[in-house]
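Please open the model in your viewer and keep the selection tool at hand. The tour below goes from one selection to the next and says what is there.

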Amino acid sequence: MNDSPRTLSEVSEIRSRAEELRQLLAAALAAGDRAALDRIAAQVVAELGRLANDSTLGGYSAAQALDALAPQLAIAVAEALARQAGAGARGAGAAGAGTGLTAGFSRDELRAEVAAFRRRVETETRRRNAEIRGAERIARYAVRSPVEQSSFVLAGPDELAELRRAIGPLTRKLATRLAARRRSGRGAPIDMRRTLRRAMGSGGVPMRPAFQRRSTSRVDLVLLCDMSSSVAGFSRFTILLMQALAAQFRRVRVFGFVNVVEELTEIIAVAPPGSDLTTALSDTRRMTKWHNNSDYGTALSDFTEHCLDAVGHRSVVLVLGDARTNNTDPGLPALHAIQERAKSVIWLNPEPARQWDSGDSVAHLYAEVVDMHECRNLAQLRHFVTRLLPI
């Protein structure tokens, strides 16, 4: 492979062009101009996605293009442009111009539009590579990413259906591993006295560490899930998985929020394992107040005020969400209150860790209070459940 690393001037030029394309993207999002979004996706692939080494035959990479563009940074600009335009109700505007976003268009809906733009870039990348290498060759030799690597946030309907079908087999494996981990004591603190006693048989070398015996009682699981459009797919899938693993816990309670909290436990309890929860959880009116944007600070405060009795010394609380507050108060005192009451609080974030401090994300602030883990796909979720989930 003959790599051709870019010079500093080339890198600077790419960054400058990425900023220009990001501004165009923000304007197209604010106008709801689908045709412009298609054109910009093609420009992004052509200008930012071309691979730099000779062995690629002039190929393109969607991941490289999206990393350079950072389209999530266009959300705040698009919202400001829509507000300045003072457009009317959604759908207004010139015929055929698109959906016509308005000043009232929620940040969560803009995130959904950005996710759709990412898929446009991926589609355009496949088209260009097929032109270069031949569609038949691409179809024959291209290796499709396994379902466990599919992004929860960017997955389309077919990928989400495939993920749901994977729940049954995955649950059986995870249940077996969790039960074995509970019996073995793995993850519990090391019992130094028993470890040293065992080491006497190996010349003082602690070959087999002994762990403190755990209580036989199972923990309570509390899910606090962002149900806004941008991450709802991730939340729904994780809820389904934990519902299927309910036998591993003493009790499971589920709460959803956009900016206020609603308990969803009864809705989830009657859903068949692996079912599509989209319809059952699509009505978020009782999870919203004043506006339709996700507001973590208000939601966390609402949970501590009305639902804190769901959390006790045996509770493991999983917060599911991207930690994007729409520039509102993050509500850190409320998160501290939950953390002080629970056995453990863990935050699962479906965004790549490199994006946690971009735009309106306050993931770094929450990560100072509780453990936060990147959980973009099924492989990372499976690793968390088998290795890191306190049981």
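In what follows, buried means under 20% relative accessible area, exposed means over 50%, and partly exposed lies in between, with a 1.4 Å probe and protein chains only. This is a predicted model, in which local features need pLDDT of at least 70 and side-chain atom pairs count only at pLDDT 80 or more, while totals for chains, interfaces and linings use all residues. Residues are numbered from 1 along each chain as its sequence is written, and side-chain values use heavy atoms, with hydrogens and water left out.

A salt bridge here is a side-chain nitrogen of Lys or Arg within 4 Å of a carboxyl oxygen of Asp or Glu. Both residues lie in helix α5 (residues 107-133), three residues apart, about one turn of the helix; helices (H or I, at least four residues) and strands (E, at least two) are DSSP runs, numbered from the N terminus. Arginine 127 is partly exposed at 37% relative accessible area, whereas glutamate 124 is buried at 13%.

Next, select arginine 324 and aspartate 360, which form a salt bridge with their closest N and O atoms 3.1 Å apart. Arginine 324 lies in the loop between β4 and α13 and aspartate 360 in the loop between β5 (344-349) and α14 (363-367), so the pair ties together parts that are 36 residues apart in sequence. Arginine 324 is buried, with a relative accessible area of 3%, and aspartate 360 is also buried, at 7%.

Then move to arginine 17 and glutamate 47, whose side chains meet in a salt bridge at 2.5 Å, N to O. This pair links distant parts of the chain, with arginine 17 in helix α1 (residues 8-31) and glutamate 47 in helix α2 (residues 34-48), 30 residues apart.

Finally, select Leu160, Phe237 and Asp276, which are among the residues lining the largest cavity. A cavity is a set of points on a 1 Å grid over the protein atoms alone where a 1.4 Å probe fits but cannot get out, and lining residues have an atom within 4 Å of a point. The largest cavity has a volume of about 90 Å³, and α10 supplies the largest share of its lining, four residues.

Definitions and conventions. 1 Å grid on protein atoms, 1.4 Å probe; cavity = no way out; pocket = protein on both sides within 12 Å on 5 of 7 lines; lining within 4 Å. Points joined across faces, edges and corners; volume = space filled by probe spheres on them.
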